[in-house]
Amino acid sequence: MTLSCDVAIIGAGSAGMAAYRAARAHTDRVLLIEAAHYGTTCARVGCMPSKLLIAAGEAAQAVREAHRFGVQAEAPRIDGVAVMQRVRSERDRFVGFVLDTIEGWPQATRLWGRACFVAPGLLDVNGQQVAARAVVVATGSRPVVPPGWRERLGQRLIVNDDVFDWQDLPRSVAVVGAGVIGLELALALHKLGVRVRLFARGDRVGPLTDPDLQALAQRLFAEELPLALNAGPLEPALAGDQVSIGGEHFDLLLCAAGRRANLDDLGLQHLGLPHDAQGHPLVDRHTGQWGSAPVFVAGDVTNDRPLLHEAADAGRIAGDNAARWPRVHHRPRRAPLAIVFSDPQIALAGASHAELTAAGLAFDTGRVSFADQGRSRVMGVNRGALHVYAEQGSGRLLGAEMIGPAAEHVGHLLAWSVQRGDTVQQMLDSPFYHPVIEEGLRTALRQLSSDLHLPPPPPERCLDCDTSAEAGA
């Protein structure tokens, strides 16, 4: 017997759950299909357990650095079993919240099994036929492992998913991949006393695209942990019970060399939908629609800003439009915001330097170093810099990139300003308390305001306006 529904959603992660809620606002004939496990990537193996590991590393580092403030303490003793017990326990708690939510949804709207298209609008789920008026694909992504590495290294090769099931901390780990995942985990493990070397095949570390900030990031992170940039083709091999790579031996190799969309075995050849040159689905990010078919895509599977809040927004849009099909609505998206919980932290808000340059936009840059910024020095975190980008002529804030203290908070302020369309002057008109790290942002904005050569607004409209022209008159 064939099951029939208005909307079938393949994948019960962050995007799939958001799509389910949005579709259920229009119809009860929704079917959420999952083949692996309930519990989102963020809660199980992503943002939450990684931050638990990072928090443990920061606690250890705070003890090591206490002497800088005149506080003497013994070197920290890292109890790896206790560290990982807390990581697993709290991780399971977060996953439990997700499971409670899904299991609270009607059983009739959930189906367990692997879905595959056999024809447009027709799925096979472990032998059960499902006919759907519209389908949302929210199957997520998985870590990429170079060919042959698993066969060569066996259990000595791990990916980030494996880290959070450790019972104890290893003695040494080689981390391959200097993107967000590799950088965060390498720094956290290093602070917890694990011998780490971070290998990057290219000359970049982290997501910063501003050349000056990227160079600064390379220097700062090289001061924090052993870092091998431009490592070139890597050929790890087993050496007894260890992994040999880059002339060193490690207990484990953590591969963080990117992720691949889970589009395999979905029977997409039956749909004839368009792809880009790299094989990624050509999806309208404002509707979630793939081509012109009643197929909608959301989350990491799209290779578009693989972040939880973006996946949730994309899922909401896709689920809403799938339920409305064929009346597809064009929905706005939030200003881009990406944060790396490294030390120092990284934030990108709005358009990046690379995106602005590629678009050929005329923009100026305001800069500030945190080396001598007041509150940063007080806290002993005076490393890094912030660059803010504004449109020439209008003074409208376009974006920013930052490596430095409290980037997770400053990044939010910047993203909000970009989304509102604030000008540099409007941002300067806003209050800045003293002494706070955000005063560094004001320094960059003041420089940017001067470089933009904008006419001053009427002095009665702002406290921070330049009144020198009127005073001279």
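**Side-chain links**

Reply: The count comes to one disulfide, a disulfide being a pair of cysteine sulfur atoms within 2.5 Å. The model is predicted, so local features need pLDDT of at least 70 and side-chain atom pairs count only at pLDDT 80 or more, while totals for chains, interfaces and linings use all residues. Residues are numbered from 1 along each chain as its sequence is written, and side-chain values use heavy atoms, with hydrogens and water left out.

The disulfide joins Cys42 to Cys47, with an S to S distance of 2.0 Å. Cys42 counts as buried at 12% relative accessibility, whereas Cys47 is partly exposed at 28%; buried means under 20% relative accessible area, exposed over 50%, and partly exposed in between, with a 1.4 Å probe and protein chains only. Cys5 is in no disulfide, and the nearest cysteine sulfur, in Cys116, is 16 Å away. Cys5 is buried, with a relative accessible area of 5%. The sulfur of Cys255 lies 20 Å from the closest cysteine sulfur, that of Cys47, which is too far for a bond. Cys255 is likewise buried, its relative accessible area being 2%.

Next come the charged pairs. Side chains of opposite charge can pair when their charged atoms come close. A search of the whole structure finds 28 salt bridges, each defined as a side-chain nitrogen of Lys or Arg within 4 Å of a carboxyl oxygen of Asp or Glu.

One of them joins Asp6 to Arg29, the closest N and O atoms being 3.3 Å apart. Asp6 lies in strand 1 (residues 3–10) and Arg29 in the loop between helix 1 (14–24) and strand 2 (30–34), so this pair ties together parts that are 23 residues apart in sequence; helices (H or I, at least four residues) and strands (E, at least two) are DSSP runs numbered from the N terminus. Asp6 is buried at 15% relative accessible area, while Arg29 is partly exposed at 40%.

Another salt bridge connects Arg383 with Glu224, with the closest N and O atoms 3.1 Å apart. This pair links distant parts of the chain, 159 residues apart: Arg383 sits in the loop between helix 11 (374–379) and strand 21 (385–391), and Glu224 in helix 8 (residues 211–224). Arg383 is partly exposed, with a relative accessible area of 23%, whereas Glu224 is buried at 17%.

Glu391 also pairs with Arg396, at 3.6 Å between the closest N and O atoms. Glu391 is partly exposed at 23%, and Arg396 is partly exposed at 34%. Elsewhere, salt bridges that share partners join Arg285, Asp304, Arg305, Glu310 and Arg333 into one network.

Asp364, in strand 20 (residues 363–369), presents a contrasting case. Asp364 is buried yet has no salt bridge, and the nearest side chain of opposite charge, Arg367, is 7.9 Å away; Lys and Arg count as positive and Asp and Glu as negative, with His and the chain ends not counted. The side chain of Asp364 does make a polar contact with the side chain of Gln392, at 3.0 Å. A polar contact is a pair of N or O atoms within 3.5 Å; within protein, one must be able to donate a hydrogen and the other to accept it, and residues adjacent in sequence count only if both atoms are side-chain atoms. Not counting residues up to four places away in sequence, Asp364 touches Val388, Tyr389, Ala390, Gln392, Leu448, Asp451 and Leu452, where contact means heavy atoms within 4.5 Å.
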